[in-house]
Amino acid sequence: MTIEIKTSTLEPVRQTFANLERRFGNKQATRYQEATYDVQATNNFHYRPLWQPDKELNDATRTDIVMEDWYALKDPRQFYYGTYVQQRAKMQELAESNYSFFEKRGLSSHLSDEVKASLVRHLIPLRHVEHTANLNNVYGSAYGYGTAITQALLYDGMDRLGIAQYLSRIGLILDGNSGDALSQAKEFWMNDPVWQGQRALCEKTLVIKDWFETFIVQDLVMDTLMHDLYYRQYDEWLNANGAQDVGMLTEFMRDWNRDVSRWADSVFKTVASESDHNKALMKGWVETWRGQTAEAMAPLAQELCGGSASLDDALAALDKRLKKIGLA
Amino acid sequence: MSKVYLILQDNDVSRFIVEAVEDDNPEITVIYQPAMIRMEAEGQMVVNRETVEEKLGRDWDVQELHLNLVSLGGNVDEDDDKLELSWAV
Amino acid sequence: MAAKKLNLKDKYKLLTRDLDWEFSYEDRKEAFPYEEFEGIKITDWSKWEDPFRLTMDAYWKYQAEKEKKLYAIFDAFQQNNGHLNVSDPRYVNAVKLFLTGVSPLEYQAYQGFAHVGRQFGGVGARVACQMQSIDELRHVQTQVHAMSPYNKFFDGFHDWTHMHDRVWYLSVPKSFFDDARTGGPFEFLVAISFSFEYVLTNLLFVPFMSGAAHNGDLNTVTFGFSAQSDEARHMTLGLEVIKFLLEQHEDNVPIVQKWIDKWFWRGCRLLSLVGMMMDYMLPNKVMSWKEAWEVYFEEAGGALFKDLARYGIRMPKYADVVEKEKEHVSHQAWWTFYAYGHAAGFHTWIPTDKELDWLSEKYPETFDKYYRPRWELAKKLEAEGKRFYSQALPQLCTTCQVPMMFTDMENPGELSYRSTEYKGEKYHFCSDGCCDIFKDEPEKYVQSWLPVHQIFQGNCGGPDVPDILKDFYHFNLGADNLDMKGSPDEERWKQWKSA
């Protein structure tokens, strides 16, 4: 039999790669699927790491969390590199126009001395906290398992570097590019009692071994509390104190938080609902770190917003989030 | 002196960059290969922002070079005004 | 108050370099535990020179622009059946080898740079490594997307990650990167940032990609050059790493030299695959492997080593052997794959007469003397309907895992073979270079997952080779493997072209 229809000769032989076909059937795959599933090597490693001879190069046991399939942790944002950078490029374009507007119009000259002093003492040192978050997320990317979670952690880590740099730019706007605000803020970070709890906590998170525990402490506990304190409460206080323009400089962080929470919550939820074992572990970590983090932030919360910040409100936000992801 | 080199994708922007590099480095050799343009010079080569801006007729950030860059050889010194490649020996 | 204008260097320093701090509450060594065990001495991380000073906002902006352009091409390729524009269906086999052999290395590079990007004590170095990490992730993902349309129309692409973990010749690239990643953080950087990125990848990403363009493969040349625009940053990082290590302490010099020797040699062995891709798998030729080697290693690498001489670094050991091997390796590699074409996940073929003439012209010293006669014989056998395949499983070199196919450069008609004993076991090597590497770290290389050994030990299914190919490797027998002539790829191509 001869088939005459010419277009039929250009029918594809297969719709997608075999690993995707095994997972989703023989149909066109999305670019996120192609870029993510099963990309990480799983078998037949040649040598043990000199730096960790008890583990394989890619080893799921670098956390106590157990997943039957680590690719269950898919990213609801469907971020692979291309979609990630293009999304962030849009955000940075907006941020760039906000920053240049702020600078060009000299909006910092409208800020009261009290607000300026508070920005240097309370906001700018956050750059060091974000730098910690950069390391903590890259940690998960390096030692986590499966491309789905590890790529998203790297995006998160790079975002944190970007946020640390934006915070630094706020310092440079305040000090006219002399760098004085940054040195002052670092001095607070290093020596002022208000920051020492937070700094000790950051250092402590950097020596945690289990990468999923790091992820919980950083992206769930610390981030939720910080976000509520800074990008909700402090933002409101700035608005009320004639410094609403500063909100232009932190808009990126607020947008970013919305974006990243969507992903992180979905991961937390999936891992917690996988098994009682996972849920118990996660609950244990939250319990361990919730109190320590609150304690570390207490001196800061006491001063923040002219003394009106509420750590309890931040903790309530955390509890609400825990409930949402099934960890309450 | 060893050769430094700079390879760009063969596209419309690169053509102006190549013109700029040729103006500022009269000694360079330009080699056209499929999809790419290779520039070579003894010891040193510089891409100046000002010259590229003149050629393009618009503002041009030195870091934009990365959009068209394929490869380079030599010690790199990049700042706001130029990207310079050099070998000391 | 008029703000002072900040130049790029100062701005980068203020925004990035000052983010880290001296610890007061924890032992910093516990947060960065892997810095000392290799014996490298870092006295002052602040001396690190940032090769490029990209802040994240600029990174997002420029990379997004690159991606936008790249994916516009991918979309157009898909919509317009771009696979029909390649010069010759044989060409596509080079792309198969790329996806199964090279793309997974990009992934390993992402992982390795995430590891060192977390582990280095200096923030400048860390950030540079993190940026390279995310770039490498970009490379594997854009490669999968670029090759996805080929997978829909050609065989051999379909189970690339599964194959990479198992197939015999893919253990050559896999073990290369496993070796680098299992080393300490400084060895990893010398291996990948310097030896691989700076000295060797140009050979894959510049002349081979130019060759892809010359063979009508829009997707591959576009991702290749787009990736290479990141590689230019990575290469510069590689050079900075070396200079930094050498300037930090004189005790670092011999350690770094040893790594350069090791990784140059390992890289050369890996590149024999690229040599064969250039000389045999690109139907339209841009330049020969030998010419590419001369431009991108002898000239460019030579300049580099001349520059490093002031630190007491010399050319890599066995560079003289490699200079002779450039006349041979591509021919030896393609011949090996031709002979084992039934066990390869891509097609092999006898070069056309015109191609044989091109090889004779490009390799006047060696091709007619050593290699052309083999092809003339293969042609004769094929004409008689007796296309031959080697049935015996080859012996692999314990270090580079390439089958014993390289010849002795003192006597290029003879196979090169070395061996050594370790704890009562005998180990086999293709060269002094590979034997030296083993002897320096035998505990590491006795672990090698050698595909042929694994088959003999029954760890790859079987019992027969076709069972292993089909069940363990996931080859579609008769479609992925064997000669180009008579393959489904060739049949389909004819149908498309006659339609």
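Chain A meets chain C through 70 residues of chain A and 73 residues of chain C, two residues being in contact if their C-beta atoms, placed from the backbone, lie within 7 Å. Helix 1 (18-24), helix 2 (31-36), helix 3 (81-104), helix 5 (126-143), helix 6 (147-174), helix 7 (180-191) and helix 8 (193-205) of chain A each contribute at least two residues to the side that touches chain C. Helices (H or I, at least four residues) and strands (E, at least two) are DSSP runs, numbered from the N terminus. Helix 6 of chain A provides the largest share of that side, 11 residues. By residue class, the side of chain A that touches chain C comprises 34 nonpolar, 23 polar and 13 charged residues; Ala, Val, Leu, Ile, Met, Phe, Trp, Tyr, Cys and Pro count as nonpolar, Asp, Glu, Lys and Arg as charged, and the others, Gly among them, as polar.

This is a predicted model, in which local features need pLDDT of at least 70 and side-chain atom pairs count only at pLDDT 80 or more, while totals for chains, interfaces and linings use all residues. Residues are numbered from 1 along each chain as its sequence is written, and chains are lettered from A and ligands numbered from 1 in the order in which they are written.

Chain B holds an open, antiparallel sheet of three strands in the order 4-7-6, where pairing requires at least two DSSP bridges between two strands. Strand 4 (44-48) and strand 6 (75-78) of chain B form the edges, each pairing on one side only. From one strand to the next, the twist averages 10 degrees. Strand 4 of chain B is joined to the antiparallel strand 7 (residues 82-86) of chain B by five bridges; Gln44(B) has Ser86(B) in strand 7 as its bridge partner. Helix 2 (residues 49-56) of chain B packs on the sheet, touching strand 4 and strand 7 of chain B, and its direction makes about 55 degrees with that of strand 4 of chain B. Axes are lines fitted to C-alpha atoms, for helices over the stretch in contact, with angles from 0 to 180 degrees between N-to-C directions.
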